[in-house]
Protein chains: 2
Amino acid sequence: MFITFILVAVNSGYADDGYRLWLKYDLISDVGLLKEYKNLIHASMVKGESATIQAARNELQIGLNGLLGSTILLVNNVNENGIVVAGSVKNIPLLQDADLISNVMKVGDEGFVISNLIVNRKKIIVITANQDIGVMYGVFHFLKLLQTHQDISTLNIVSSPKIKLRMQNHWDNLNGTRVYPGFSIWDWHTLPQYKKRRYIDYARANASVGINGLAPTNVNAEPLLMTQEFLGKVAALADVFRPYGIRMYLTANFDAPRKLSDIKTADPYDPQVKEWWKNKVNEIYSLIPDFGGFLVKANSEGEPGPQDYNKSQADGCNMLAEALSPYNGIVMWRCFVYDYNPKDRAREAYDIFKPLDGKFASNVVLQVKNGPLDFQPREPFSPLFGAMPNTPVIMELDLGPGALGHDIGLSYLAPMWEECFNSDTYAKGKGSTVAKVIDGTLDGYRITGIAGVSNINAESNWTGNTFGQSNWYAFGRLSWDHSITSEQIADEWIRMTFSNDTSIINPILKIMMASRENVVNYRDPLGLNMLGGWSVYHGPWVNNSTHGDWNSPYYHRADSIGIGFDRTRSGSAAVDQYYPPVAQQYESLSTCPEKDLLWFHHVPWTYKMKSGKTLWDELCYHYYKGVEGVEDIQKIWSSLKGKVEEDEFDREQALLKIQHADAITWRDGCVLYFQTFSRLPIPTELKAPERELQYYIIHNPM
Amino acid sequence: MFITFILVAVNSGYADDGYRLWLKYDLISDVGLLKEYKNLIHASMVKGESATIQAARNELQIGLNGLLGSTILLVNNVNENGIVVAGSVKNIPLLQDADLISNVMKVGDEGFVISNLIVNRKKIIVITANQDIGVMYGVFHFLKLLQTHQDISTLNIVSSPKIKLRMQNHWDNLNGTRVYPGFSIWDWHTLPQYKKRRYIDYARANASVGINGLAPTNVNAEPLLMTQEFLGKVAALADVFRPYGIRMYLTANFDAPRKLSDIKTADPYDPQVKEWWKNKVNEIYSLIPDFGGFLVKANSEGEPGPQDYNKSQADGCNMLAEALSPYNGIVMWRCFVYDYNPKDRAREAYDIFKPLDGKFASNVVLQVKNGPLDFQPREPFSPLFGAMPNTPVIMELDLGPGALGHDIGLSYLAPMWEECFNSDTYAKGKGSTVAKVIDGTLDGYRITGIAGVSNINAESNWTGNTFGQSNWYAFGRLSWDHSITSEQIADEWIRMTFSNDTSIINPILKIMMASRENVVNYRDPLGLNMLGGWSVYHGPWVNNSTHGDWNSPYYHRADSIGIGFDRTRSGSAAVDQYYPPVAQQYESLSTCPEKDLLWFHHVPWTYKMKSGKTLWDELCYHYYKGVEGVEDIQKIWSSLKGKVEEDEFDREQALLKIQHADAITWRDGCVLYFQTFSRLPIPTELKAPERELQYYIIHNPM
């Protein structure tokens, strides 16, 4: 009966369409393990009455019932073995174990402890914490242990987040469109009356990986969001998210007072403007008492900002911070600011913000992208990390689809983030990693944070390509604990999403771990970057924007001699934005890592690389390797036919076909275009491109 | 185990989110009936190997397995009782029953016969047809019998469609946005490689109600659709739909040759233009051998057309028809054409197209909206019905969300369509109903058809409000057989969608049958119409468009004396576009039905209505009745708490709240605005509006 139902369900369009994400609570497939779990889990007891505890209780019940395939009773006393007891320490007075108490004292407001204990002479499993939200995080963690087939007989887990603010930044417009592919999950039209089930499932997924903040709308903010009507809608969303420990933040348009009132200016020094923001903040807190604060993109890419009134970024930011201060709200001020046609756009954020270190109010954090430019497949870390000891810097990451190939390409990004976290800034000597800047240990930041630009859209599986889910998952996991490796996270995610069968885990792990480097290779090898056009996706040739730095040649600087942007001291000297050991490494052609070579150096085509090949040949090999890497992934995926759900298999196969064509377009377009400068032949071992350069240019004109 | 799984599924976000539509094959809940069905159905045998038969076999299997809760074996011989035998007559030679054969001969290419028979001395149920698509329609019909708990022991069903072309018209743009609410289900970006499971489920749903044609894109057609790239994507969709008997049609931009080639004109007389279309048609048929033809909106609301070159609508249409003719493709030419600032826009389509009757090629049909204007909650039927004996006229209906309140309002539209079908044109004397025009019996049309402007979007439940599904369902059912009543259809749909329990059916039936008249009452009672603004949804006061007929006062003509558009012989004489008995009825104030009164007459505020009330009072009462009707629906829905799935209950309750607020806006906005002309008090029994007129005007300025 059971099997029949599942098959029917799958066939009748009631399939697992990916909507459940990694929160699948299907029956444990390993019969022996199932028996073992059932021996250890007879019932559950979840103490407390808050909305958070109610949600945690519900989650534990759904999870256990599904995973164990039978109804796990909720009990009120520990009078048998095998009870999973969950609750904050104040709600479970029967827990007097000294080790447990001491561990709980270490985990702060959000952490949790999971432990096998003997209480009342009964063997139980305890999930506890100082606060109810910690209990919820613990419940999700415990369910994950079962989902990933871990031993639960000798648990002693003590876990707390290394970073305080773990944020989703949705770049969604109020009309339902997005900056990134797909359409928004927010249906502003039916809010506040209709709170979709999807909002709750979104909250569950975020809470399961510890995400605790959310800005639902585009950083190119619409003033409309600040109207009474929209704030009412936002408040309804905040009500949905509150039990899951997720606070609401709003993107603020700096011009809002001028757009929404009779005030003729948005000058941060203007008393009327200050008053308007104070009143607006009061209004917001009256609707959303735990409102988090504002996320602001100012004087960037056409957005309004304080510089419109000859005030500094700090002036504008601090004015908003002052309004938020009575409520302990914060401003997340983005450092993605640059002039058009700068000498070196990669220098801009540092040049603008470094001098302002220490000039920001205490409730301000600066939000800095991982690299100096804009979400490229590989960038060196931003020199602002480590350079702002007196102003908390939080990191902004791209969860995938943006610069990295729509929501189609398979690209597991945790290895990229890991690379950034592990980079050494040398700000306070060796070992001053970016991770230590971001988790606050290096400079003692009073606020720490990380923001992921969301890859979530209205597709039934949330992210288009199912592997997009892995970036959401990994972002949460790394935000909680950046010491977990990207490979460990991938392993967890595969087990929860696909299977615990190693014959499925291993090939998928191989796919994921190779995927990001493939993208680097077929798009931007050896430190190249920003080769898309300003209105098309491929376009190293695009050179017709009036914004110089919106043109590809601005970045690659290919000429008859060589290729690459000279950021050494003989060029833009951007290397000197880094601390001396790093600067020195990048400055010298011989010590600069080849993966970053053309980011920092203009290198002759015939320069001899470590491999012994010329730069030109090496570049060609990288481009071809990228396409081959996609082909390898296609082969591995094909071997999984029959092992993963049919619809899922078909979708991924189709999307890989598109990615493969895309990779060829990148490879051939770039190689043919750069060849017009190098005037060197493509190495004969490599198959010559099938199409002429002109074909690619015609299809991607600007 | 079984129950546990379902509960888990529902709670873990794996709920029935409406995606399955009416094709739910859950276990028959009535134990006695289940036993009876199981006695009659032991196995199935589906003969034939076409893709259509394979899909029918799959559907029958899924359906029976789900409904009967056990695996129904597929067998190859009739050697026991209780086999459901399906296949076209040529594939089931064992069927020699004379009655059956004679019935099959009556049902044409798409019809089917379902019958209990004795074959080889075994009791079987036969589903047969002349063609495989008929078998598929029969399979869906048979499953519906089980879903709606019908007796299947004495079946003798002989069914064939009364109308040949039963079309979905999606008004979807290539970037994924729609003219109507929500986003498109077509992901052009990933086609042709990725064929979503959703496309198949969309095809299944359409086939289940007999829909056999599809134009996927906006009638404001983008030339891009005609490029090789997009035609490849369309062809991939056509491949998905073909097994389900659904043919692909394309919206054609009349200017395409000029936009996509070096030709400097789109003049239908120009040889190069003709050649371009011929080549384009050849290209399309090489990709889609069963391509249906073009759907064209020309010289309407800014779209290009033959009149740009001083050629007639017929000239333009026939040029396209000629290109399609070698392949038996057709042109669906829309009659939604009007000049800006006409004396009476309701006259326009008739005045333009009536003189062209008989001037169209034999592979042309004219697509006419049900009413003379534009998808209002109530319009009299278009006078073109019955006026074009020499040119096939097909009907265009709105499946809901457009003019009728986004995808939020609950409005079951089959009663509106029924009203139109049953209207008597008197074209050939009494009994010349619109239905007879459309099904071709009145004028012997060689092609018959009906098109529904789709209400399907990317929401997981397809239509936003679940009741939107009922319009999709009813459109298909009425297109197949317009003699079924709207109430019968609602009953079927409720049983398939919600429950066979009469304590659920009856209240929902009451809701549905009342819903459309409510909308008429709170928006456009007594024949009023077109009271929305040109950029807002509410706006009887909107009068600032340079297109006179885009302004509300153009339509309602309210002044100090009265209200309504004089279309009698002393006015625009539009009444004379109808045949004399109809014209006479509309012409006279005393015989004109009150529901259409202000459509045809400018009536004094103090005119005495049949109720004895003045027009003004009657108007007020209607507006208030509309809001009360929504309140009644809210009450009935509330009584269903616990009886319908929780998430579904909550959604509908929230949407009804929005609709209620909307209804109040319509009522109070209109009553207060019209009061500025009537200068009469709102009857004292009616509660005075809470807001001032100015409030509504400020929020809906244009």
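How many bridges pair β4(B) with strand β5 (residues 122-129) of chain B, and in which sense?

**Entry 1: basis.** I worked from a predicted model, in which local features need pLDDT of at least 70 and side-chain atom pairs count only at pLDDT 80 or more, while totals for chains, interfaces and linings use all residues. Residues are numbered from 1 along each chain as its sequence is written, chains are lettered from A and ligands numbered from 1 in the order in which they are written, and side-chain values use heavy atoms, with hydrogens and water left out.

**Entry 2: confidence.** I noted ipTM 0.90 and pTM 0.94 for the model. For chain A I found a mean pLDDT (the predictor's confidence in each residue, from 0 to 100) of 94, with 96% of its residues at 70 or more. Residues 1-14 of chain A fall below 50, yet this stretch has 32 contacts in the model beyond near neighbours in sequence; a contact means heavy atoms within 4.5 Å.

**Entry 3: strand β4 of chain B.** To the opening question, I found 7 bridges between β4(B) and β5(B), in the antiparallel sense. Strands are DSSP runs of E with at least two residues, helices runs of H or I with at least four, both numbered from the N terminus; two strands pair if DSSP finds at least two bridges between them. B:Ser115 has B:Val126 as its bridge partner in β5(B). The hairpin of these strands has 2 residues between them, and B:Asn120 takes a positive phi near 50° there. I also found 4 bridges from β4(B) to strand β6 (residues 156-159) of chain B, again antiparallel, with B:Val113 partnered by B:Val158. Of the 8 residues of β4(B), 6 are buried (under 20% relative accessible area; exposed is over 50%, partly exposed in between; 1.4 Å probe, protein chains only).

**Entry 4: helix α16 of chain B.** I looked up B:Val519, which lies in helix α16 (residues 502-523) of chain B. B:Val519 counts as buried because its relative accessibility is 1%.

**Entry 5: the largest cavity.** I assigned about 180 Å³ to the largest cavity, a set of points on a 1 Å grid over the protein atoms alone where a 1.4 Å probe fits but cannot get out, with lining residues having an atom within 4 Å of a point. Its lining has 20 residues, and A:His141, A:Lys144, A:Ser208, A:Val209 and A:Arg477 lie nearest the centre. α5(A) gives the most to this lining, with 6 residues.

Key:
On a 1 Å grid over the protein atoms alone, a cavity is a set of points where a 1.4 Å probe fits but cannot get out, and a pocket is an open set with protein on both sides within 12 Å along at least five of seven lines; lining residues have an atom within 4 Å of a point. Grid points are joined across faces, edges and corners, and a volume is the space filled by probe spheres set on the points.
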